Amino acid sequence: MCKNVGVIDKIIRLLIAAVALYAYMNQLVVGSMAYVALAVAIIMIITAAFGFCPIYNLAGMNTCKKCCKSGKCKTEE
């Protein structure tokens, strides 16, 4: 499994997670939206930590500069 999330993308994901967690923890969102904010935060943290996004994989997107077009990471070759 090749990483498909680049450094800038990871930073953006972590910022989104921080905002979603802040909104959840300070009850700026309530009810079902609170759980959505928590789920978004968890998903963003996991995808940033692993450097892999399944949606990017399905769409054929790749923001990681360490991977070549063949789908194999340059570090794995």
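**View A. Gln27, an exposed loop residue.** Gln27 counts as exposed because its relative accessible area is 63% (exposed means over 50%, buried under 20% and partly exposed in between, with a 1.4 Å probe and protein chains only). This residue sits in the loop between α1 and α2 (helices are DSSP runs of H or I with at least four residues, strands are runs of E with at least two, and both are numbered from the N terminus). Although Gln27 is not a glycine, its phi is positive, at about 55°. Please keep in mind that this is a predicted model, where local features need pLDDT of at least 70, side-chain atom pairs count only at pLDDT 80 or more, and totals for chains, interfaces and linings use all residues. Residues are numbered from 1 along each chain as its sequence is written, and side-chain values use heavy atoms, with hydrogens and water left out.

**View B. The whole chain and its confidence.** Here you can follow three helices and zero strands, in the order α-α-α from the N terminus on. Of the 77 residues, 29% count as buried. The protein exposes about 5,700 Å², 70% of which is supplied by carbon and sulfur atoms (accessible areas come from the Shrake-Rupley method with a 1.4 Å probe, and for residues only the protein chains shown count as cover). Among contacts between residues at least 6 apart in sequence, 71% join residues at least 24 apart (contact means heavy atoms within 4.5 Å). The average pLDDT is 89, and 86% of the residues score at least 70 (pLDDT is the predictor's confidence in each residue, from 0 to 100). Confidence is highest in α1, at 97, and lowest in helix α3 (residues 54-59), at a mean of 91. A friendly reminder: where pLDDT is low, the predicted coordinates should not be read in detail.

**View C. The salt bridge between Asp9 and Arg13.** The closest N and O atoms of this pair are 3.3 Å apart, and the count comes to one salt bridge (a side-chain nitrogen of Lys or Arg within 4 Å of a carboxyl oxygen of Asp or Glu). Because they are four residues apart in helix α1, Asp9 and Arg13 are separated by about one helical turn. Asp9 is buried, at 11% relative accessibility, and Arg13 is buried too, with a relative accessible area of 7%. Leaving out residues up to four places away in sequence, Asp9 touches Tyr56 and Thr63. Thr47 is 38 residues from Asp9 in sequence, with 9.9 Å between their C-alpha atoms.

**View D. The largest nonpolar core.** Ala17, Ala20, Ala37, Ala41 and Met44 make up this five-residue core (a set of buried Ala, Val, Leu, Ile, Met, Phe, Trp, Tyr and Cys residues joined through side-chain atoms within 4.5 Å). At least two of its residues come from each of α1 and α2, and α2 gives the largest share, three residues. Zoom in on Ala41 and you will find contacts with Ala17, Ala20 and Leu21, leaving aside neighbours within four places in sequence.

**View E. A nonpolar patch on the surface.** Ile8, Ile12, Ile16, Met33, Val36 and Val40 together have about 530 Å² of accessible area (patches take residues with over 30% relative accessible area and no salt bridge, joining like charges within 9 Å and nonpolar side chains, Val, Leu, Ile, Met, Phe, Trp and Tyr, within 5 Å). Both α1 (7-25) and α2 (32-50) supply at least two residues of this patch. Ile8, in helix α1, is exposed, with a relative accessible area of 64%.
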